[in-house]
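Reader: Can we go through the charged pairs in this one? Please start with the terms.

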Amino acid sequence: QVKLVESGGGLVQPGGSLRLSCVDSGSTLDFYAIGWFRQAPEKEREGISCISSSDGSTVYTNSVKGRFTMSRDSAKNTVYLQMNSLKPEDTAVYYCATSFMGSSGCEYESWGQGTQVTVAS
């Protein structure tokens with residue numbers, strides 16, 4: 001059974017970078033397509049990334065495209081979200097999740113407790 005744990009969040013200045021980690025303590029991440037979403041206070045959940053079912057590429061939402069990169073280290077059973085050029089509007093709790101590409105975009109099934117990212121000067 002998948003059990004995801006996120007880490008790596010924190011306070012960073014605008015323009016800075018953070019790398020979030022997602023570890024599966026319950027099984028092997030290689031068995032799952034992993035994506036990321038975020039939840040800001042009083043805002044709807046926003047999908048960040050997931051794996052395209054058509055070609056296996058990573059799909060990113062427009063607001064993070066070119067700034068965020070998802071990667072996987074199978075030896076460490078870890079998925080990363082590298083976030084560069086951070087903006088105050090990136091402030092949110094970030095979650096990794098088992099995910100798939102639905103008819104209307106990325107969809108998420110099981111996720112961890114999240115990690116807080118705050119972008120402020």
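Author: Buried means under 20% relative accessible area, exposed means over 50%, and partly exposed is in between, with a 1.4 Å probe and protein chains only. This is a predicted model, where local features need pLDDT of at least 70, side-chain atom pairs count only at pLDDT 80 or more, and totals for chains, interfaces and linings use all residues. Residues are numbered from 1 along each chain as its sequence is written, and side-chain values use heavy atoms, with hydrogens and water left out.

Reader: Is Arg 67 buried or exposed?

Author: Arg 67 is buried, at 10% relative accessible area.

Reader: Which residue does Arg 67 meet in a salt bridge?

Author: Asp 90, at 2.8 Å from N to O; a salt bridge here is a side-chain nitrogen of Lys or Arg within 4 Å of a carboxyl oxygen of Asp or Glu. Asp 90 sits in the loop between β8 and β9, and Arg 67 in the loop between β6 (58–60) and β7 (68–73), 23 residues apart. Strands are DSSP runs of E, at least two residues, numbered from the N terminus.

Reader: And how accessible is Asp 90?

Author: Asp 90 has a relative accessible area of 0%, so it counts as buried.

Reader: How many salt bridges does the structure hold?

Author: Three. Arg 38 pairs with Asp 90, the closest N and O atoms being 2.9 Å apart, and with Glu 46 at 2.7 Å.

Reader: Where does Arg 38 lie?

Author: In strand β4 (residues 34–39), so its pairing with Asp 90 ties together parts 52 residues apart in sequence. Arg 38 is buried at 5%, while Glu 46 is partly exposed at 26%.

Methods. Helix = DSSP H or I, 4+ residues; strand = E, 2+ residues; numbered from the N terminus.
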